[in-house]
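Welcome to this short briefing. Please take a moment to look over the sequence and the 3D view before reading on.

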Amino acid sequence: MADKLSPDEKLHLITRNLQVEHYTNPLRVTILFADLHAFLDNMKAPWELLELRVKYYEQVIKAMLESIGVPLDKLKFVKGTEFQLSREYTLDVYRLSSMVTEHDAKKAGAEVVKQVEHPLLSGLLYPGLQALDEEYLKVDAQFGGVDQRKIFTLAEKYLPSLGYAKRSHLMNPMVPGLTGSKMSSSEEESKIDLLDSAGDVKKKLKKAFCEPGNIDNNGVLSFVKHVVFPLRGEFSIKRDAKWGGDKIYTAFEEVEKDFAEESVHPGDLKASVEVVLNQLLEPIRKKFESPELRKLTNTAYPDPSKTKGAAKGAKAATGGGGDDDLAPSRVDIRVGKIISVEKHPDADSLYLEKIDVGEAEPRTVVSGLVAFISQEDLQDRLVLVLCNLKPQKMRGIESQAMLLCASIEGDPRRVEPLDPPEGSSPGERVFVEGYETGKPDDRLNPKKKVWEKVQADLKISDECVAQWRDKRLLTKLGQITCKTLKGGNVS
């Protein structure tokens, strides 16, 4: 049996959104509940709900840390709006805004803030506020995932310009989700929640991506590496004697090697992880059985099926309207084939394309791709086309659709057309995973900005797969991809 970790060592297991404060005395940690940041990031929740969620997270994080023996007297919990609305902080936001360029603000938030072609000012402010938090929390270092690295770079560059000290930055790896891609709060099957029941844990692990011998993007193995071994120092595989019997591992590398060589079956790995997960979660579940915490959980995260908004959302998903409750199925995206492409007669930066989208006649599409893609690369290419926007004149020629591309902002800006699966045909419908049955609007009302709202949540994954809120874009033949622009936007 490996030695148990001391309470001080367990402090190092807190892995995300921590502001770390060093004194001559033992390490102290400040946990920031970034309610203002959450509001600025596309205003996903109203203030009233954010207040409840701050209370919920404080309780659930405390319960989690207590369950593994972390001393809470060394933690300080701070809500962002307790200091971010002060006169001094606000003046520093203005001072920082006079120094940071739009380019630097967008680059810093590229992996954290949703990136769109025409971003809201709130999203551009977000990285600067996170940098200022270091000074106003009086910390010596900030701790976060590697997706925060560009914000950390911005902080190191600009805080000294305000007369503040440059801080240290600590980063932990991004753990893959159970679905084999990035873990996401909006994709329920990609993660284990702290309050998941034993039945939920079993169901999610059963569906988890865990191919025999495949150690890449394996969320189950990653849990063993990043949670089980740091907490327990060992991991036990339970299995029938005819398959080798039980085995205790004292190093993760041994588990990984055996799994890669298929000495450990995915079913045995999942079953053993399930046992550990339930042991870790049980004290948290018990604490949240109290009436007060049950009520807090239900009000902070109300059941969408019991809300008026959810009913509208369901209606929208089946094509029945509901502009305020968005469903991606309202957007008509199809596979298209470019049958001709030439320069726009009145604009050097624009192409004029004829694209077959499965209708009687090809559609005329004007796109600003001259600087990014050659005519030869576009000719006869299969692409994705947004077909239910209102036609719009571009330098005197009506564009009847939009050619969809992946892009990464920067100098230079990089753009690539999205690619449908091999063997696709013009006119085939593209849908978001889980929204297969919804019917697109005949034409999107430009005043309702439906496309703009959908686009805000479109992203390219680290595997170059197009996603909406971490759910894949698909056709009947497979997923939508791009060539190289990992983490890019879709426009």
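**A first look**

Val146, Met171 and Met174 together make a nonpolar surface patch of about 220 Å². Keep in mind that you are looking at a predicted model.

**The surface patch**

- Take methionine 171, one of the patch residues: this residue sits in strand β5, which covers residues 168–172.
- Is methionine 171 buried, exposed or partly exposed? Its relative accessibility is 43%, so methionine 171 counts as partly exposed.

**Helix α6**

- Helix α6 runs over residues 121–136, which makes 16 residues.
- From its first C-alpha to its last, α6 reaches 22 Å, close to the 22 Å expected at 1.5 Å a residue.
- Where is the kink in α6 centred? Look for proline 127, where the kink is about 30°.
- Of the 16 residues of α6, 13 are buried, so the helix is largely enclosed by the rest of the structure.
- Lysine 138 follows α6 and has a positive phi, near 55°.
- A contact to find in the viewer is the one between alanine 105 and glycine 128, whose C-alpha atoms are separated by 7.4 Å although the two residues are 23 residues apart along the chain.
- Alanine 105 belongs to helix α5 (residues 102–108), and this alanine is buried, with a relative accessible area of 9%.

- Helix α8 spans residues 198–207, and its buried residues are Val201, Lys204 and Leu205.
- Seen down the axis of α8, these buried residues fall within an arc of 95°, so they line one face of the helix.
- Which exposed residues does α8 carry on the face turned away from its buried side? They are Lys206 and Lys207.
- Lys204 also takes part in a network of salt bridges, linked with Lys191, Asp193 and Asp196.

**Salt bridges**

- Side chains of opposite charge can pair when their charged atoms come close.
- How many salt bridges does a search of the whole structure find? The search finds 25.
- Glutamate 282 is partly exposed at 30% relative accessible area, whereas arginine 285 is buried at 12%.
- Arginine 330 pairs with aspartate 441, and here the closest N and O atoms are 2.7 Å apart.
- Arginine 330 lies in the loop between α13 and β8, and aspartate 441 in the loop between β17 and α15, so the pair ties together parts that are 111 residues apart in sequence.
- Both partners are buried: arginine 330 has a relative accessibility of 3%, and aspartate 441 has a relative accessible area of 16%.
- Arginine 381 and aspartate 419 meet through their side chains in another salt bridge, at 3.2 Å from N to O.
- This pair links distant parts of the chain, 38 residues apart, with arginine 381 in the loop between α14 and β11 and aspartate 419 in the loop between β16 and β17.
- Arginine 381 is buried, with a relative accessible area of 17%, and aspartate 419 counts as buried at 12%.

**Further along the chain**

- Lysine 453 is placed in helix α15 and counts as partly exposed at 38% relative accessibility.
- The C-alpha atoms of lysine 453 and alanine 327 are separated by 9.7 Å, while the two residues are 126 residues apart along the chain.
- Cysteine 464 has a positive phi of about 65° although this residue is not a glycine.
- You will find cysteine 464 in the loop between β18 and β19, where this residue is buried, with a relative accessible area of 7%.
- Arginine 469 also is not a glycine, yet has a positive phi of about 50°.
- Arginine 469 is in the loop between β19 and β20, and at 35% relative accessibility this arginine counts as partly exposed.

Notes. Residues numbered from 1 in each chain as written. Predicted model: local features only at pLDDT ≥ 70, side-chain atom pairs only at ≥ 80, totals over all residues. Heavy atoms only, no water. Patch = residues over 30% accessible without salt bridge, like charges linked within 9 Å, V, L, I, M, F, W, Y side chains within 5 Å. Areas by Shrake-Rupley, 256 points an atom, 1.4 Å probe, with all protein chains shown as cover. Salt bridge = Lys/Arg side-chain N within 4 Å of Asp/Glu carboxyl O. Helix = DSSP H or I, 4+ residues; strand = E, 2+ residues; numbered from the N terminus. Buried < 20%, exposed > 50% of the residue type's maximum accessible area, 1.4 Å probe, protein only. Expected span 1.5 Å × (residues − 1). Bend = angle between axes of the 7 residues up to and from the residue. Arc of directions from axis to C-beta.
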